[in-house]
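Trainee: I would like to learn how to read pockets, patches and salt bridges in a model. Where do we begin?

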Amino acid sequence: MKIASDGKGELGFPLLSDPEHRTIDAYGLRDPAYEGQKVYGIPYPSVYVVDRTGRVAWAKVERDYQERPMNDEIRKALDASK
């Protein structure tokens, strides 16, 4: 994996590879603004907090790639999921 070979060490968590866009399509996250372009398949920016039981405890999906949740907002969601 390219990420593991960058010299910064292994990741302590799994990553999802979605080359066929099945996951983003299942969740309605594919951004239609890129339809017909080489990069079609780019998802909306999304952040999920998953609790210890595997349940999505918090989610934030933005339609504008420049809008992202603040770290404090994510931290509150993490603290609330404990």
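Mentor: Begin with exposure. A residue is buried under 20% relative accessible area, exposed over 50%, and partly exposed in between. Keep in mind that this is a predicted model.

Trainee: Is Arg75 buried, exposed or partly exposed?

Mentor: Arg75 has 45% relative accessibility, so it counts as partly exposed. Asp79 is partly exposed too, because its relative accessible area is 39%.

Trainee: How do I read a salt bridge, and what links Arg75 and Asp79?

Mentor: The general idea first. Side chains of opposite charge can pair when their charged atoms come close. Here, the side chains of Arg75 and Asp79 form a salt bridge, at 3.7 Å from N to O. Both residues sit in helix H2, which covers residues 71–80. They are 4 residues apart, about one turn of the helix.

Trainee: Which lysine forms a salt bridge with Asp79?

Mentor: Lys82 does, with the closest N and O atoms 3.7 Å apart. Lys82 counts as exposed, because its relative accessibility is 71%.

Trainee: How many salt bridges does a search of the whole structure find?

Mentor: The search finds 6. One of them joins the side chains of Lys60 and Glu62, at 3.9 Å from N to O. Glu62 is buried, as its relative accessible area is 16%. Lys60, at 24%, is partly exposed. A network of salt bridges links Lys60, Glu62 and Glu73.

Trainee: What classes of residue make up the lining of the largest pocket?

Mentor: The lining has 9 nonpolar, 2 polar and 1 charged residues. Among the lining residues are Leu16, Asp18, Tyr27, Tyr48, Val50 and Val56.

Trainee: Which residues make the nonpolar surface patch?

Mentor: Tyr27, Tyr48, Val50, Val56 and Val61 make a patch of about 480 Å². S1 and strand S2 (56–61) each supply at least two of the patch residues.

Trainee: Where is Val56 found, and is it buried, exposed or partly exposed?

Mentor: Val56 is in strand S2. Its relative accessible area is 45%, so Val56 is partly exposed. Val56 lines the largest pocket and also belongs to the nonpolar patch.

Key. Residues numbered from 1 in each chain as written. Predicted model: local features only at pLDDT ≥ 70, side-chain atom pairs only at ≥ 80, totals over all residues. Heavy atoms only, no water. 1 Å grid on protein atoms, 1.4 Å probe; cavity = no way out; pocket = protein on both sides within 12 Å on 5 of 7 lines; lining within 4 Å. Nonpolar A, V, L, I, M, F, W, Y, C, P; charged D, E, K, R; others polar. Patch = residues over 30% accessible without salt bridge, like charges linked within 9 Å, V, L, I, M, F, W, Y side chains within 5 Å. Areas by Shrake-Rupley, 256 points an atom, 1.4 Å probe, with all protein chains shown as cover. Salt bridge = Lys/Arg side-chain N within 4 Å of Asp/Glu carboxyl O. Buried < 20%, exposed > 50% of the residue type's maximum accessible area, 1.4 Å probe, protein only.
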